[in-house]
Amino acid sequence: MILDDHPASTLPDADLLAEIERAALRLLAMREHSRLELSRKLVSRGFEVAALAPVLDRLEAEGALDEARLVERYVAERVEKGFGPLRIQAELNDKGVADTLIEPQLRHLREAWPEHLAALHARRFGDAPPADRASYAKRARFLARRGFPTDMVRRLLRWND
């Protein structure tokens, strides 16, 4: 039952709320979602935004929807895949996650970022330094697209102008 059948002035009925909750739990069973992501997906399935809040509030209270857990897992997964702090933060912001949840996770890895950057560089380009400006620029662009800060990339590549 989708809210199109209900006047906007009435509260969603228990059957509708149960249907929204089932749909939300199916999505959460596949992977962690932010509240914004989950809302977008439920709206795309035909549920109205106004009906989502009580269900999402309950899922948060019960711990099924937990943005702090999402951030922890997402950061670990993206670091493993070779992405840097700038890109990870931007992706989480796009998911509607607050900076107050993101920054502690990224700050926790502050000392490890140069090591992750070096490992990504070695995996992609080997251990040899860039031979010329074109090689330097190609490497720098790749690492910047992966979300590593320019100053960190420069320190790694050590190009002398």
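Predicted model: local features only at pLDDT ≥ 70, side-chain atom pairs only at ≥ 80, totals over all residues.
**Note on salt bridges, overall form and a charged patch**

1. Glu91 lies in helix H5 (residues 85-94) and Arg78 in helix H4, so the pair ties together parts that are 13 residues apart in sequence. Both Glu91 and Arg78 are buried, where buried means under 20% relative accessible area, exposed over 50%, and partly exposed in between (1.4 Å probe, protein chains only).

2. Residues are numbered from 1 along each chain as its sequence is written. Local features need pLDDT of at least 70 and side-chain atom pairs count only at pLDDT 80 or more, while totals for chains, interfaces and linings use all residues; side-chain values use heavy atoms, with hydrogens and water left out.

3. The side chains of Glu32 and Arg73 also form a salt bridge, at 2.8 Å from N to O. Glu32 sits in the loop between helix H1 (14-30) and helix H2 (35-44), whereas Arg73 belongs to helix H4 (residues 67-80), so this pair ties together parts that are 41 residues apart in sequence. Glu32 is buried, its relative accessible area being 13%.

4. Asp66 and Arg69 are joined through their side chains by a salt bridge of 3.9 Å, N to O. Asp66 is partly exposed at a relative accessible area of 28%, and Arg69, at 24%, is partly exposed too. A search of the whole structure finds 11 salt bridges.

5. The protein contains nine helices and zero strands, helices being DSSP runs of H or I with at least four residues and strands runs of E with at least two, numbered from the N terminus. Its radius of gyration, taken over C-alpha atoms, is 21 Å, whereas a compact globule of 161 residues would have one near 15 Å; the globule rule is 2.2 Å times the number of residues to the power 0.38. Along the principal axes, the C-alpha atoms fill a box of roughly 70 × 25 × 25 Å, and buried residues make up 39% of the 161 residues.

6. Arg124, Lys138, Arg141 and Arg145 form a positive surface patch, for which residues need over 30% relative accessible area and no salt bridge, like charges being joined within 9 Å. Helix H8 (residues 133-145) gives the most to the patch, with three residues, and Lys138 is found in this helix.

Notes. Patch = residues over 30% accessible without salt bridge, like charges linked within 9 Å, V, L, I, M, F, W, Y side chains within 5 Å. Areas by Shrake-Rupley, 256 points an atom, 1.4 Å probe, with all protein chains shown as cover. Salt bridge = Lys/Arg side-chain N within 4 Å of Asp/Glu carboxyl O. Lys, Arg positive; Asp, Glu negative; His and termini not counted. Charge placed at Lys NZ, Arg CZ, Asp CG, Glu CD.
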